[in-house]
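Visitor: I am new to this structure and would like to be walked through it slowly. Could we begin once it is in view?

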Amino acid sequence: MPRPFDALHGRERGNAHLDAAAGRDLFEGAQAQPDGGGECGSFWLVSFASQPREHGLHGGSHLGWVDGFGWHVAHISEGAVALPGLLVYLWAVIRNFAVVGPGQSTRERLTAALAAAPNISTYRIGRGADPLPVSATFDPSDQPGCRTLLDWFERGAPSGAVLLVDDWALCAGYDPELVGSVEWIAAFGPGRGVQVVVTARNWADVPGRLRRHLHGEAADFLGLHEIEPDLSNKYQRDDLKAAVGSSARGWPVYLDVNSPVSVCAGPAAEREQKLLSALLGLMITHSSKDLNFGLFDMKNVGVFDGLDAAPHVAFALTGEADDETLERFCVGLAGELDRRQRLARSGDPFPALMVCADSAEVLVDRVPGYERVLDALARADRELGVYLLYSGDVVSLPSEVPAWPAATPPYDLEEWAELLPDMLIGSAPPAHVLALPPQRQSHADVTLKMVPPQRQSQPDLTLKMLPPGAIGLVDDPFAQRRDVLVPAFTEELRHGAIVGRPGTGKSTTLRTLAGVLGDPGRYQLLDGPGEPLDPQRHIVVTARTWDQVPPFIRNSLAFAVEFRLDDPATSLVDPAQAARVPDRPGFGLSLPHRLPAQIALP
């Protein structure tokens, strides 16, 4: 949609003719612009019309800001000669503003701003040669020259003059009284058509007393977060705070993660920008040693796409994940609370964890256990460092949830969303593993990005890969790890069983077990339940169903593996888990752990 001043923006001072209808549209549109503060700059409009008030023109009203220019109605003459249209006299000058960011980006912004108003004269206090079109440059170490320039701006600089203080921290270091002089010029200069422009590398460099007279402007995403283009000064904060964009006056707006639950609402495209601003801002200013993320995009809107490459991201799941994977992370999140409680009691450091769930109601519908886990996360002791960020549709939340700050995201946000996560790879330790992929994908793959199975290597598990005495691996999602499976026969728990339908690896498992047991005379290993049994020894049998295993063995199980069954409902472990056991040799459920297991080849 065209802005009200597009037709006039960039014109040299002179006359522009508008008919009455165009004039009315121009000023009505101008009045709809957000107020920028009249003391910061001017674009004076002097009109002559026979009946100006019928066009909605009122003397002295401030009309808002457009691309660095302030607009005011200076005077409306009631008794002027009637003209066929509305005659508007335009006089443009640059507003008071501060450009903050890396040197090259501030140069580009200033060049564009000065080019938009060619009939001005800029006087610079700064160091070194500069490509900007300035009338004169004063080195900040030249105190007499700089003071003469400042006195001239305070007392007699003509309209159209601009004072450029280039690199505030450098210039103020030479002159402790600089802030007082520039503040006075910024406050009273616009009334005489005199403006102030300040550049700084960091927002904190610009004194607060001067800020109130300036419009701030980040040169880009990195400038907003005070980061150099080479990322050498990233990870600069130890609080959970980051800029998410700019206010109407151009100064940074911060999201401070100090509440257990936050909400980002709005249409998908709008909240995507909000979330990208927040998450990228937190990533670039906080190390993965201090902050980790877990991401759920349950409606597959792509809100977190590409972020999983960053070392901060512990997991990134979408609605395309199967129920088993979602359940594993549900158990893993519950285990993470337990782990953090143990670490807190022992005084060990650990990073904060922000779980971001877009359309959490879909997650709860898919896996009802998440409702309990998310509630536990929201109610966790603040010392555990757990935070929830909900976005998307309305979900059941605690009553007191802070509002998301209103801000305009950086203009190059989408570009940095593509570049930044990859640029951060290897710059900090990877996030803590909350849940491993299912064993059938790869027992060796401990990444949390949920790489598609077709891209994962799946080497065979062999006894040579395990410590002595172990016959396989047990998958423990709650403990967030895989443990070795070591059969432990005792006088009370004397026997074992290997159960599963044909082709699941029962005989191979029996050979693997024979390879790790000590004294063979203490064990009787039978490939089938029907052979003569020796109750004086530890007995391990194979069977197709649990009904085929003798009761005295079932009642004294030191060790058992349940592979894929003909009917999962007959499982001795859990029918739901049994239904998910892969129809592949060596994968099953272990007892007494009641957990997924993979048995090694002999």
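Visitor: Among contacts in the protein chain between residues at least 6 apart in sequence, what percentage join residues at least 24 apart?

Guide: This is a predicted model, in which local features need pLDDT of at least 70 and side-chain atom pairs count only at pLDDT 80 or more, while totals for chains, interfaces and linings use all residues. Residues are numbered from 1 along each chain as its sequence is written, and side-chain values use heavy atoms, with hydrogens and water left out. A contact means heavy atoms within 4.5 Å. Taking the contacts between residues at least 6 apart, the share that joins residues at least 24 apart is 69%.

Visitor: Which elements do the buried residues of α3 pack against?

Guide: Buried means under 20% relative accessible area, exposed over 50%, and partly exposed in between, using a 1.4 Å probe and protein chains only. In α3, the buried residues are Gly-145, Cys-146, Leu-149, Leu-150, Phe-153 and Glu-154. These buried residues pack against β7 (121-125), β8 (136-138), β9 (161-166), α5 (178-188) and β10 (195-200).

Visitor: How far apart are the end C-alpha atoms of helix α3?

Guide: The expected span of a helix is 1.5 Å times one less than its number of residues. For the 13 residues of α3 (residues 143-155) that gives 18 Å, and the prediction agrees, because the end C-alpha atoms are separated by 18 Å.

Visitor: Why is strand β23 described as largely enclosed by the rest of the structure?

Guide: In a regular strand the side chains alternate between the two faces of the sheet. On one side of β23 lie His-538, Val-540 and Thr-542, on the other Ile-539, Val-541 and Ala-543, and all are buried. The strand (residues 538-543) is therefore largely enclosed, since the buried count is six of the six residues.

Visitor: Which residue in β23 is the bridge partner of Ala-497?

Guide: Two strands pair if DSSP finds at least two bridges between them. Strand β21 (residues 495-499) runs parallel to β23 and is joined to it by four bridges, and β22 (residues 523-526) also pairs with β23 in the parallel sense over four bridges. Leu-526 stands opposite Val-541 in β23, and the bridge partner of Ala-497 is likewise Val-541.

Definitions and conventions:
Helix = DSSP H or I, 4+ residues; strand = E, 2+ residues; numbered from the N terminus.
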